Amino acid sequence: MLTCSPLKLWSIDYYNRTAREAGQAAKDAVAANGGLGEYYSEHDTRAPVWLVAGDARSAAALVGLSDEQRAGGLADLDVVQRWLDGGIAPNGCCGRRFAESDNHGIDMTFCAPKSVSLLRAFGDDVVQKAVLDAHNSGVREAMEYVHQHAGYTRVHNNRTGRKDLQRLPGVVAAAYQHETSRAGDPHLHTHVIVPNKQPRTDGKLGAVDTDSLWHESKAGGVIYQATLRRALAQSLGAEWSLIDPHTGMAELVGIDPEVIKAHSRRSTQLREWAEGNLILIDGPTQGQLAIAQKATRPRKPEGMSWAELRQQWRADPRGYRLDIDAQRRARTQRRAATVTFDRRRIADIAAGIDKAAFTRADLVEIIGAQLPVEVDGDDRSPREQIEAAVDEIAMRVSAPRQAHHREGHERYTIDLILAEEIELLGLVDQRDDRADLRVTQADTEGLSANQNRVVTAMAGSPWLVQPLAAPAGAGKTHCLKALRRAAHRAGRTVVVVAPHGRAVDVAINDCAGDAGYTVDKVLIELREGRLALTPRTVIVVDEAGLVGNNQLRDLLTFTTMAGTKVLLVGDAYQLAPVRKRGGMFEQLCADLPWSQRLSEVWRMRDPEERVASQALRNGGPRPLRRALEWYRRHDRLRCGDPVTIANDALQAYRADIAAGKDALLIPDSWELCDALNKQIHADRVADDAETVTGARDHQIGVGDIVVTRGNDARINVWAARDHRGRLDTTKPGPQVRNGQRWVVEAIDTREQRPRIAARRLGDNAVTVFGADYLRAHVQHGYAVTLQSAQGVTADTSYPIVRATTDRNTLYVGLTRGRDLNRVHVYERVAGEGDHEHADPTPGVHQTRRGDSHQAVALVRAIACRDNRPQTVHQVAAQTDFHQLPDRVARAVAQQARARARRLAAQRVWIDQLVAERAQQNRWIQQYLADTRSDDRDNGHDLGL
């Protein structure tokens, strides 16, 4: 695993202080045993060393490193300090002076899997050295990859006026190896400290292009993991469990997962704050420091010698055991299986990618995560094999990058994904005149003019695939209710389909449909023949932007065969599908001339905020600038460090709840959710109250609000109690869904089979969650992730997002509240993670808050990151025809012709509709004229 954190002025102090403490501890340990007490013992490898990637000889010479230093020699701590804090290289060369807000460097932290850390901590000397060698090999290979694809600085081009990327000859860094987590558990990791001033080919120092580095960091982490696995397999015969395809990590076979969990205590500052063990101060004042110092803490583990650490771990009652028999069985099974890594296998791996048009780094991540530990007849390194595999199957669908573009600018795809899109686009032109629905004035009562027009157009369209783009808060539910009324008058059934069960329940409860299914469920029902579609069925796909392209293709295959009309309703500017390829909904909204759009926003009560939300959604320099200024003036933007920001958002949430408001607390990470939930749980449940353990180790008591994280129709749910509080167990309620919130009314704390009785918020249905479901799927429900909040409306909303997030996430967070939406943006800096020990004062956190203008700058940067998923056709259509592969060029040309045909077909249909209505008007006029003539003939005309 590789994480990257920016380093500010003085950040390097922590690493140097820790290195000195470890060195002194090693020296004392040797001296105590009668030795001379050298600064670092033979077995203590935490002396920082130089690490040079790329053209090591040239890069090292440019900054004044000797051959010995270039080859991994010891790094002088004072030299590193000058380079990080002052931008002064070892040879005295200086770069441009740092500005106050500049990053002084980057901490690239490579973390070994926990099972590997345990193997090093408890193994003998041979095992310890093998693990460390494998770890270091992974770090070096990953840094070579990072240099190759992200080792750039930016240089002004006088001719174009742009900042061109210039490759650095190498990346020079100082590597600090650490052995423990913040909690003192075995946790092998290396902080590769990259100074932000790196040598260019002309000898000057230039700033690292950190955007390139962030983009390639996950791929670099996958390279590290693949290299580590192979090295340990070759040196120790290590066998590995299944690799997580999304993180590229795997644990060793034969180590009990419970042991791994027991040695994985996490202790970030955020967790310490959640547990009430951290004082937040703005000063600090002498009085505040004195209070904090009263709580004594044990010596920081990373400052202990290796011998002391080993002794401490071996005495730990949590224990450690490696099952050698399990390792042997796994080796036998692996060698008996036929493992290939040819083009077909590589293509199968790449088919699991969650983007249709992706970057090269994206492909490195997914292929590297599934690289076999051994590839017969191939002695290349894992990095070389992964890079070759990517080059073999990647098909470029964008123009070659220009000098000012980063490597992440280019987009690629594979044959299978292109074929998937071609098949899907071939389904959207089907039409059936029986799909027409007549909408009356009574159906659209209460709708705005825009909503009325959209509903009428969608209902009257003969095309079977009808997209509707609806911004957040545009009133799409009211439109769908009107369509359902029209469908009922025509004797048709409306079936609501959505990616999540919660969205289905909301639509059904709001009378937008007659029956409902999740996307996964409806596809199962259709494949197994349990659901029959007819032309008298109308399918409404809610949150269509969250539906994967392959799911949409499969659904439309069934509906078009049955002649069923499908309404695709969603907003491509909100969140993307989770681990699925997306983008097709937006393409259909753009390509199908009969698609519709809701243009007004109604959720926010302040009309100016509605306008600001639209500007945030659609972008554009001027509207966005005005929107950000509105948010700033109305105190809607806050920024700071994670702990401070979480605390500020929590205080606002508490005040709203106390005032009787419906408030949302929506962070963008599970870590923040856990910390906030723990704080709010402590507000509602007494310390000595009985609790049971739910998912994520949440302690759940009576009065807690919990959320369910799994659909389960097997759990009995009963309708709400009557006015006397009696429960009728003969009246079932709707099933348990992912995302539903419940109030805990009773708990059973029996150790073997704990249970909770809970009442669902909304319909007051009652159920009992047993031990298995409780432990896996029930957790605190006060703070929920932003992904869970899409589609939710509340009085106030407090999204908490990192400074590196994208516009789509920010837009969702800032559009949930009717009365107030305030975003809290946090920036992580080195020293606050689980693998760091950088507290200047134990038990004290000095708050970091930015002013409103700093918040605007962060949010403006976020708004520039538009990460909407794009289809291959969308990306390729923006590229010069002659720069595309033949197959892609043919597909783009085919779709261009299809768009022209659709426009022509729509014009013909409109002309026919106008002619029919004109004929109807003539018939009506003729009928009225004939009626008046008959009245005169019968003496009813009283005119003189």
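The face of helix H2 turned away from its buried side carries Arg-57 and Ala-61, which are exposed (over 50% relative accessible area, 1.4 Å probe, protein chains only). This is a predicted model, in which local features need pLDDT of at least 70, side-chain atom pairs count only at pLDDT 80 or more, and totals for chains, interfaces and linings use all residues. Residues are numbered from 1 along each chain as its sequence is written, and side-chain values use heavy atoms, with hydrogens and water left out.

In H2 (residues 56–63), Ala-56, Ala-59, Ala-60 and Val-63 are buried, that is, under 20% relative accessible area. Viewed down the axis of H2, these buried residues fall within an arc of 95 degrees, so they line one face of the helix. The arc is that of the directions from the helix axis to the C-beta atoms. After H2 comes Gly-64, whose phi is positive, near 90 degrees.

The cover over the buried residues of H2 includes the elements below, with contact meaning heavy atoms within 4.5 Å.

| Element | Residues |
|---|---|
| Strand E2 | 49–54 |
| Helix H3 | 67–70 |
| Helix H4 | 77–86 |
| Strand E6 | 170–180 |

Helices (H or I, at least four residues) and strands (E, at least two) are DSSP runs, numbered from the N terminus.

A second topic is a pair of helices. The axes of H20 (residues 519–527) and H21 (residues 549–562) come within 11 Å and cross at roughly 40 degrees. The crossing of H20 and H21 is left-handed. Residues making the contact include Val-519 and Leu-523 of H20 and Leu-555 and Phe-558 of H21.

Notes
Axes fitted to C-alpha atoms, helices over the stretch in contact; angles between N-to-C directions. Left-handed = near helix turned anticlockwise from the far one by under 90°.
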